[in-house]
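I opened my notebook beside the model today. Below are my entries, topic by topic.

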Amino acid sequence: MAISILTLNDGNQVPWIAFGTGTALFQQDVQNTVETAIANGFTHLDGAQMYENEESLGAGIKASGMPRSALFVTTKLHRLQPGQTAKTALHVSLKKLGLEYVDLYLVHVPGHHAGHLKEVWKSMEECKREGLSKSIGVSNFEVEHLEEILEGAEFPPSVNQIEIHPYVWKSLQAVIALHKQHNIVTSSFGGLSPLFRASGGPLDPIIEKIRARLESTRGEPVSVGHVLNKWLQQYGFLVVTTSTKADRMREYLDTANVPQLTAEEIELIENAGAQRHQKIFSN
Ligand SMILES: NC(=O)c1ccc[n+]([C@@H]2O[C@H](COP(=O)([O-])OP(=O)(O)OC[C@H]3O[C@@H](n4cnc5c(N)ncnc54)[C@H](OP(=O)(O)O)[C@@H]3O)[C@@H](O)[C@H]2O)c1
């Protein structure tokens with residue numbers, strides 16, 4: 001089944017779900033895992049300079065035998081070394097990846113460039129203008145960071161990749177509203193955190209109840225992970241996830257085949273999420 005596509009504010013298109021090479025795969029050799037992810041249907045690979053595995057991500061892409069044009073590759077800018085710019089840092093990444101361009105280049109963490117965000121964004125824009133990255137965006141940006149780079153930008157960011165799950169949902173409403181205003185695609189990471197990193201909370205019984213309903217409607221297995229990924233997909237978010245297991249990779253992609261959540265189920269998830277504020281990732 002073809003992966004559904006989101007359109008960015010610069011007209012480029014992006015598969016709605018990405019296979020990430022951070023968190024559990026941080027600093028790991030990801031060649032085989034990336035090859036497995038592509039063999040099982042992932043076409044969007046999410047990397048970063050910070051993950052210190054761009055070489056093996058590139059090796060996995062090459063070994064997959066997939067044409068470059070059939071893949072969407074993201075990397076992210078880490079802290080800048082003295083004399084470095086976002087553009088020179090991207091040149092280093094491209095060399096490691098063995099690619100001529102990436103599809104998306106993100107400023108990974110705003111705090112790494114405090115006082116210099118506008119300058120960094122200018123260099124990101126140069127990367128786009130020169131075709132080193134087809135699209136540019138940011139990650140972990142809050143309203144104030146977005147406002148800083150939007151002022152005077154030639155290209156607004158196309159994506160903001162942030163931690164999203166029901167235990168932080170309430171706190172994200174202002175930034176998501178700003179995304180809508182500028183047609184910035186909201187991208188999520190850590191979406192499964194309430195189930196596996198913060199279990200035992202008010203969401204657990206709600207997710208299980210919805211899972212059982214979806215499974216009976218579908219007549220095929222539905223997992224608790226499916227429920228949260230479906231919730232994210234229904235908002236039109238770009239979901240970044242990961243796994244070390246082929247079965248789970250297929251399960252994530254199968255989210256598209258899971259029946260839609262009802263408005264009432266979405267409300268139940270968000271009300272349960274609002275009972276606990278728990279951010280998992282700190283920047
Ligand atoms: N921009 C940023 O600052 C930032 C921060 C964090 C992450 N990211 C990106 O987002 C990607 C995904 O991050 P994430 O780990 O937060 O994604 P996630 O979708 O929240 O979680 C994926 C993890 O959940 C585990 N999992 C899934 N189903 C499970 C189950 N039934 N039982 C137990 N464990 C289960 C998987 O482990 P298995 O291997 O066992 O399947 C996998 O490690 C990263 O690789 C990275 O590319 C970006």
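I sort residues into three classes: Ala, Val, Leu, Ile, Met, Phe, Trp, Tyr, Cys and Pro count as nonpolar, Asp, Glu, Lys and Arg as charged, and the others, Gly among them, as polar. With those classes I looked at the shell around the ligand, which has seven nonpolar, 16 polar and three charged residues.

I note that this is a predicted model: local features need pLDDT of at least 70, side-chain atom pairs count only at pLDDT 80 or more, and totals for chains, interfaces and linings use all residues. Residues are numbered from 1 along each chain as its sequence is written.

**Ligand shell**

Which residues come nearest to the ligand? Of the 26 around it, I found Gly20, Gly22, Phe189, Thr241 and Ser243. A residue counts as near if its C-beta atom, placed from the backbone, lies within 6 Å of the molecule or strand in question. Helix 7 (193-196) and strand 10 (238-241) are the elements that give two or more residues to this shell. Helices (H or I, at least four residues) and strands (E, at least two) are DSSP runs, numbered from the N terminus.

I checked phi next. Most residues other than glycine have a negative phi. Thr23 is not a glycine, yet its phi is positive, about 40°. Gln27 also has a positive phi, near 60°. I placed Thr23 in the loop between strand 3 (17-20) and helix 1 (31-39). Gln27 is found in the loop between strand 3 and helix 1 too.

Then I counted neighbours. A residue is buried if 20 or more other C-beta atoms lie within 10 Å of its own, exposed if 12 or fewer, and partly exposed in between, with C-beta atoms placed from the backbone. Thr23 has 15 such neighbours, so I call it partly exposed. Gln27 has 11, so it is exposed.

**Tyr51**

UniProt lists Tyr51 for "active site", in an unreviewed entry. Its positions are given in the numbering used here, feature names are shortened, and annotations may be inferred rather than shown by experiment. I found Tyr51 in the loop between strand 4 (44-46) and helix 2 (54-64). Is Tyr51 buried or exposed? It has 23 C-beta neighbours inside 10 Å, so it counts as buried. Leaving aside neighbours within four places in sequence, Tyr51 is in contact with Thr21, Gly22, Phe26 and Gln27. Contact needs C-beta atoms, placed from the backbone, within 7 Å.

**Two helix pairs**

Two packed helices are described by the angle between their axes and the distance between the axes. Axes are lines fitted to C-alpha atoms, for helices over the stretch in contact, and angles run from 0 to 180 degrees between N-to-C directions. Angles under 35 degrees count as roughly parallel, over 145 as roughly antiparallel, 65 to 115 as roughly perpendicular and the rest as oblique.

The axes of helix 8 (residues 203-218) and helix 9 (residues 224-234) come within 9 Å and cross at roughly 90°. Helix 8 is therefore roughly perpendicular to helix 9. Ile207, Glu208, Ile210, Arg211 and Leu214 of helix 8 meet Val224, Val227 and Leu228 of helix 9. I sorted the residues of this contact into six nonpolar, no polar and two charged.

For helix 3 (residues 86-97) and helix 4 (residues 117-129), the axes come within 8 Å and cross at roughly 50°. These two are therefore oblique to each other.

How values were computed: Contact = placed C-beta atoms within 7 Å.
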